[in-house]
Amino acid sequence: MRYFLISCILILLAFTACQDHINIDQLSKDSQLVIYCFPSSQDTTEIFVSSSIPVKGKNMFLDTAQVSCTVNGAQREVKFLKKVDAYKTYQLVYYFTGQLHAKDRITVQASAKGMKAASSTTIPSVPEITKTEMGSVFNDGVWYDQIRLSLMNSPSPAKYAVRVIGLIGYYNRNNKLVITHEELEEVCTYDEPVLNNYTLGEKIFDESNDFYQNFYVFDNSSFLHDSTYTLHLDIQSEGNVRGYRVELYRLTPELYNFFKSINDSNNNSTANYGISFVRPSYTNIYNGIGVMGGYAMTKSNWIKEK
């Protein structure tokens with residue numbers, strides 16, 4: 001997950017936006033600090049700091065920044081890791097160490113060249129997978145491997161995400177060995193209401209969603225009062241797939257809103273024709289731009305068809 005989020009950061013850090021309204025002045029003025037940080041229950045947390053690229057104002061390159069962090073109010077030592085080139089600017093990477101746990105409150109502050117920005121988030125509880133099974137379904141002339149994954153539902157509103165990893169195997173005739181590698185799979189969402197706008201598999205309405213980097217976000221608003229919920233994840237069947245593993249994430253609202261804003265923008269086809277507004281991406285950085293949001297992840301064992 002960490003490397004997946006880093007790839008998102010490198011693509012998105014240069015764009016400025018706001019959550020509830022489009023502020024032309026904000027887009028036009030001089031650079032602002034950009035912070036991306038996604039804490040989880042790992043022993044190292046990275047903090048990405050850069051400057052935004054304004055529409056009209058002066059672009060400011062950062063050589064260094066002052067970054068601090070607290071966990072539940074206690075100061076953590078933040079160290080510089082590296083500087084990378086990122087779309088006509090520099091991205092400074094900092095980190096702090098120490099295991100994080102559910103309900104920990106993390107606050108990050110950064111300052112550089114007269115600019116200051118800050119944000120906070122909380123580590124959510126780890127989601128629980130109660131059951132997994134796999135079968136085959138035939139949909140619109142195509143065979144799919146269908147993974148049925150049951151999750152333990154939260155009694156309160158919660159945000160989730162799911163990814164499917166395929167174990168791809170090839171037989172090497174030279175050394176007579178099976179060579180395998182893992183591959184991120186695309187999920188056909190027509191059989192899963194929480195992922196397909198509740199169209200119940202009616203392809204004629206073309207209401208399917210595209211999800212950024214095959215990271216499928218959803219909430220429990222439609223099954224809030226159920227103790228469990230079963231996801232139906234269809235992956236186009238291929239002969240060289242030896243099995244699947246599912247990663248189930250619990251997201252903070254900030255991280256969920258970030259990915260949902262990207263998905264909403266990518267699926268807003270009417271904006272391409274000028275008949276609706278382009279939806280701005282989400283930010284929760286005070287006096288700056290970017291996203292700070294926590295997550296927790298669990299994963300299934302490798303699933304193979306019986």
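K79 sits opposite Y95 of strand β6. Those residues belong to a pairing in which β5 and β6 (residues 90-97) run antiparallel, joined by 6 bridges. Here, two strands count as paired if DSSP finds at least two bridges between them. Helices (H or I, at least four residues) and strands (E, at least two) are DSSP runs, numbered from the N terminus. Keep in mind that this is a predicted model, where local features need pLDDT of at least 70, side-chain atom pairs count only at pLDDT 80 or more, and totals for chains, interfaces and linings use all residues. Residues are numbered from 1 along each chain as its sequence is written, and side-chain values use heavy atoms, with hydrogens and water left out.

**The open sheet**

Zooming out from that pair, 5 strands make an open sheet with mixed pairing, in the order β5-β6-β2-β1-β16. The edges are β5 (79-85) and β16 (289-292); each has a single partner strand, so one side of each lacks a neighbour in the sheet. From one strand to the next the twist averages 20 degrees (axes are lines fitted to C-alpha atoms, for helices over the stretch in contact, and angles run from 0 to 180 degrees between N-to-C directions).

**Around β15**

Now for β15, which is mostly covered: 10 of its 11 residues are buried. Buried means under 20% relative accessible area, exposed means over 50%, and partly exposed is in between (1.4 Å probe, protein chains only). β15 pairs in the antiparallel sense with β11 (residues 159-172) over 10 bridges, and R163 has E247 as its bridge partner in β15. β15 also pairs with β17 (residues 295-299), again antiparallel, over 5 bridges. In that pairing, L248 stands opposite T298 of β17.

**Salt bridges**

How many salt bridges does the structure hold? There are 5, counting a side-chain nitrogen of Lys or Arg within 4 Å of a carboxyl oxygen of Asp or Glu.

| Pair | N to O distance |
|---|---|
| E133 and R148 | 3.2 Å |
| R245 and E182 | 3.3 Å |
| D264 and K260 | 2.9 Å |

What does the bridge between E133 and R148 tie together? E133 lies in β9 (residues 129-139) and R148 in β10 (residues 142-152), so the pair links parts that are 15 residues apart in sequence. E133 is partly exposed at 32% relative accessibility, and R148 is partly exposed too, at 21%.

R245 is buried at 11% relative accessibility, whereas E182 is partly exposed at 46%.

D264 and K260 are 4 residues apart in helix α3 (residues 253-266), so about one helical turn separates them. D264 is partly exposed at 23%, and K260 is partly exposed at 33%. Salt bridges with shared partners also join R163, E182, R245 and E247 into one network.

**A look at N214**

N214 is found in the loop between β12 and β13 (216-219). Is N214 buried or exposed? N214 counts as buried, at 18% relative accessibility. Its side chain makes a polar contact of 3.5 Å with that of Y216. A polar contact is a pair of N or O atoms within 3.5 Å; within protein, one must be able to donate a hydrogen and the other to accept it, and residues adjacent in sequence count only if both atoms are side-chain atoms. Leaving out residues up to four places away in sequence, N214 touches V162, R163, L184, E185 and E186, with contact meaning heavy atoms within 4.5 Å.
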